[in-house]
Amino acid sequence: MANLKTSYLGLKLKNPLIAGSSGLTNSIDNIKELAKNGVGAIIIKSIFEEQINVETEYVIKNEEGDIKVLTQAPGTMLGRRVHDYAEAYAYIYDFARRNTLGKYLDFLREAKKAVDIPVIASVNCVSNNNWQAFSKKIEETGVDALELNIYILPSDWRRSIEDNENVYFDIIKEIRSYTNLPLSVKIGYYFSALAQSVQKLSKTGVKGIVLFNRPYNTDFDIEKIKVSSGSILSTETEYNHTLRWISILSGNVDCDLSASTGVHSWETFVKQLLAGATTVQIASVLYKNGFDIIPEILNKTASWMKKHNFENVDTFRGKLSMSKMENPAAIERVQFMKLYSEIE
Ligand SMILES: Cc1cc2nc3c(=O)[nH]c(=O)nc-3n(C[C@H](O)[C@H](O)[C@H](O)COP(=O)(O)O)c2cc1C
């Protein structure tokens, strides 16, 4: 079989296919099965910043850098808009109590023991409020890296572009002062200057950036005339957006890029690598097709590599990256005009 070995976040992976964070990476049996089926690494289901903060005891650093243990009265740090609503707070508090931090740390330890591939912890966060010291505890479990899923929907009218974008940098800076774990940042689509922001993030010492998180999708129920939620699973046509940005950013950033969203087949896996992705994360296709899709993606990729005489992944990774173009939008504009004017 062709050599698919890859280095990601400074870790050695036997191949670039990663089981992305989801409900499927929340059980030891699944983690063992995912590893058995051949994934290169596993990202554990995220713990939420709110869960960490609602737990009563946490540690902070004061301005002099002294570490202090605080007993946190629930609700005192919940300054953000979503938490202004009693219902949201009650949900978060109850959720946190049912999913304790101790359980998460035990789970990480167990996951690490269960498989011999890299295990990456994950925290879903929206602010730089208090929770960061927990990253030290995550490091102590022996996991190989930490993925920060920074989920900011820039919908708060009170917050400027700078307010929203500074959060990413503040979180990374703070986390880096607590842990030496290799860090990756999983981001959403919403930046005012995505290319420049990702490039700046890549210079903060993070080892990888994951493009993109799948946001909660809003939908409407037109019979009940109510807001409802859109599909949580992606479809196989949703990979293009990630493909475009991996291709634009590859070669222009100082860290690894991991492609996420809409990869459902070996062909789209190969496309993301051609665009320049260091690794590719899958979630929805595991729910839809089961874990057999993993060997299928890997075997068919190996056959494709053999057919094209690519001995290892580095020989074709980034071959279709746009890194040599100064402004890919201009080229896209011409293609767009051509395509639209040809269709009658
Ligand atoms: C049921 C489900 C749960 C998820 N939970 C998490 C999570 O806890 N943390 C996270 O960073 N991403 C989570 N994700 C997002 C996936 O990791 C992934 O980024 C997204 O689904 C897009 O990839 P896909 O098209 O392969 O599904 C979840 C996805 C699904 C479908």
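Me: In which helix does Asn-30 lie?

Reply: Asn-30 lies in helix α1, residues 28-36. Helices (H or I, at least four residues) and strands (E, at least two) are DSSP runs, numbered from the N terminus. A word on the source: this is a predicted model, in which local features need pLDDT of at least 70 and side-chain atom pairs count only at pLDDT 80 or more, while totals for chains, interfaces and linings use all residues. Residues are numbered from 1 along each chain as its sequence is written, and side-chain values use heavy atoms, with hydrogens and water left out.

Me: Is Asn-30 buried, exposed or partly exposed?

Reply: The general idea is a set of cut-offs: buried means under 20% relative accessible area, exposed over 50%, and partly exposed in between (1.4 Å probe, protein chains only). Asn-30 has a relative accessible area of 21%, so it is partly exposed.

Me: Which residues does Asn-30 touch, not counting residues up to four places away in sequence?

Reply: Contact means heavy atoms within 4.5 Å. By that rule, and with residues up to four places away in sequence left out, Asn-30 touches Leu-24 and Phe-291. The side chain of Asn-30 also reaches the backbone oxygen of Leu-24 at 3.1 Å. That is a polar contact, a pair of N or O atoms within 3.5 Å; within protein, one must be able to donate a hydrogen and the other to accept it, and residues adjacent in sequence count only if both atoms are side-chain atoms.

Me: What polar contact joins the side chain of Ser-122 to another side chain?

Reply: Its partner is the side chain of Ser-46, at 2.6 Å. Ser-122 is found in strand β8, residues 119-125. Its relative accessibility is 1%, so Ser-122 counts as buried. Among the residues that Ser-122 touches are Ser-21, Ile-44, Tyr-104 and Glu-147.

Me: How many helices and strands does the protein chain have?

Reply: The protein chain has 12 helices and 15 strands. Of its 344 residues, 49% count as buried. Of the contacts in the chain with a separation of 6 or more, 70% are between residues 24 or more positions apart.

Me: Why is helix α9 described as largely enclosed by the rest of the structure?

Reply: In α9 (residues 266-275), 7 of the 10 residues are buried, so the helix is largely enclosed by the rest of the structure. The buried ones are Thr-268, Phe-269, Val-270, Gln-272, Leu-273, Leu-274 and Ala-275. What covers them includes β3 (17-19), α8 (240-249), β14 (256-260), β15 (279-282) and α11 (293-307). Just after α9, Gly-276 takes a positive phi of about 125 degrees.

Me: At what angle do α9 and α11 pack?

Reply: Axes are lines fitted to C-alpha atoms, for helices over the stretch in contact, and angles run from 0 to 180 degrees between N-to-C directions. Angles under 35 degrees count as roughly parallel, over 145 as roughly antiparallel, 65 to 115 as roughly perpendicular and the rest as oblique. For α9 and α11 the angle is about 60 degrees, with the axes 9 Å apart. The two helices are therefore oblique to each other. Trp-266, Phe-269, Val-270 and Leu-274 in α9 meet Glu-296, Ile-297, Lys-300, Thr-301 and Trp-304 in α11.

Me: How do α8 and α9 pack?

Reply: Their angle is about 25 degrees and their axes are 8 Å apart. α8 and α9 are therefore roughly parallel to each other. Thr-242, Leu-243, Ile-246 and Ser-247 of α8 make the contact with Lys-271, Gln-272 and Ala-275 of α9. Just after α8, Gly-251 takes a positive phi of about 90 degrees.

Me: Which residues does a cis peptide bond join?

Reply: The bond joins Leu-211 and Phe-212, and omega is about 0 degrees. Phe-212 is in the loop between β11 (208-211) and β12 (218-221).
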